[in-house]
Amino acid sequence: MADVFDEVEEELRKERYTQLFRTYGPWVLGAAAAVILGVAGYQWYGANESANRAAAGSQMMEAIEAYQSGDTARADAALTTLAEDGTRGYRALALMQRGALALEAGNRDEAASFFEQAASAAPDRLTRDTARYKALLIEQSELSYDDVVLRAEPLTEGTGPAGPLARELMGLAAIQAERWDEARSHYEQIAFSLDVPQNLQRRAGEALALIAQRAPAPAAEAQTPASEGEEN
């Protein structure tokens with residue numbers, strides 16, 4: 001059963017540290033146009049603002065093309081300019097991408113800082129929650145269970161896509177703190193939900209099996225054998 005916990009933790013460390021960007025990358029980069037269109041709704045005032053949006057769009061496309069061609073230095077330079085001078089929505093996207101590049105380079109503290117900055121700049125909940133989740137994912141191992149809950153719980157409100165992943169982080173932190181009741185509650189909410197990815201449900205089921213094997217038996221169950229023996 002220890003292998004199950006190792007897999008759960010490895011999934012959280014390896015898969016999401018290195019592949020989370022690739023999961024959300026198409027949204028941040030390849031599908032950035034859809035987000036940009038939404039951001040444009042906030043930027044309707046004045047020809048000068050339109051010119052700023054056009055310049056920011058060109059910088060974003062430059063960063064996308066540079067990243068896709070493997071020129072991360074040029075991509076980072078374009079993103080740095082965009083994060084400093086772009087409109088609000090473009091700043092958030094640029095900062096998220098800078099965080100992803102820093103994470104790929106192994107600079108975890110720098111990556112977390114970029115994601116936090118992106119959350120502050122984000123004009124919409126999807127971008128804000130995604131950025132906050134990514135920052136928490138990086139820092140979770142250094143936080144107490146209560147601190148993880150404090151930062152993750154707001155992400156679980158409503159139906160945002162970051163909610164189930166934030167719930168999983170709370171479950172992992174509860175396991176690590178041996179707070180078995182809380183851990184069981186978090187993973188049950190994931191396992192019995194109908195609108196979470198299958199791989200997330202699978203990990204929740206494995207975590208519940210681990211909890212059943214490691215958690216102390218409830219007091220009533222622990223006393224049952226002794227009570228039966230006394231009656232006999």
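Predicted model: local features only at pLDDT ≥ 70, side-chain atom pairs only at ≥ 80, totals over all residues.
View 1. Residues are numbered from 1 along each chain as its sequence is written, and side-chain values use heavy atoms, with hydrogens and water left out. The secondary structure comes to twelve helices and zero strands. Helices (H or I, at least four residues) and strands (E, at least two) are DSSP runs, numbered from the N terminus. Of the 232 residues, 46% are buried (under 20% relative accessible area, with exposed over 50% and partly exposed in between; 1.4 Å probe, protein chains only). The accessible surface comes to about 11,800 Å² (Shrake-Rupley method, 1.4 Å probe). Carbon and sulfur atoms hold 50% of that surface. Take the contacts (heavy atoms within 4.5 Å) between residues at least 6 apart in sequence: 59% of them join residues at least 24 apart.

**View 2. Helix H4 (residues 72-85) packs on H5.** Two packed helices are described by the angle between their axes and the distance between the axes. Here the angle is about 145° and the axes are 8 Å apart. Axes are lines fitted to C-alpha atoms, for helices over the stretch in contact, and angles run from 0 to 180 degrees between N-to-C directions. The crossing of H4 and H5 is left-handed (the near helix is turned anticlockwise from the far one by less than a right angle; clockwise would be right-handed). From H4 come Thr72, Asp76, Leu79, Thr80, Leu82 and Ala83. They meet Tyr90, Arg91, Ala94, Leu95, Gln97, Arg98 and Leu101 in H5. By class, this contact has seven nonpolar, three polar and three charged residues. Ala, Val, Leu, Ile, Met, Phe, Trp, Tyr, Cys and Pro count as nonpolar, Asp, Glu, Lys and Arg as charged, and the others, Gly among them, as polar.

**View 3. Helix H5 (residues 88-104) meets helix H6 (residues 108-121).** Their axes come within 8 Å and cross at roughly 165°. H5 and H6 are therefore roughly antiparallel (over 145 degrees; under 35 is roughly parallel, 65 to 115 roughly perpendicular, the rest oblique). H5 passes H6 in a left-handed crossing. The H5 side of the contact includes Leu95, Met96 and Leu103. Among the H6 residues that take part are Phe114, Phe115 and Gln117. Eleven nonpolar, three polar and five charged residues make up the contact of H5 with H6.

**View 4. Helix H7 (residues 125-139) runs beside helix H8 (residues 145-152), with axes that come within 10 Å.** The axes cross at roughly 170°. H7 and H8 are therefore roughly antiparallel to each other. Ala135, Leu136 and Glu139 of H7 touch Val148, Arg151 and Ala152 of H8. Four of these residues are nonpolar, none polar and two charged.

**View 5. Glu178 sits in the loop between helix H9 (162-176) and H10.** Most residues other than glycine have a negative phi. Glu178 has a positive phi, near 55°. At 56% relative accessibility, Glu178 counts as exposed.

**View 6. Ala183 lies in helix H10 (residues 180-191).** Its relative accessibility is 0%, so Ala183 counts as buried. Beyond its neighbours within four places in sequence, Ala183 is in contact with Gly171, Ala174, Ile175 and Ile211. Ala183 and Ala215 are 32 residues apart in sequence and 10.0 Å apart in space, C-alpha to C-alpha.
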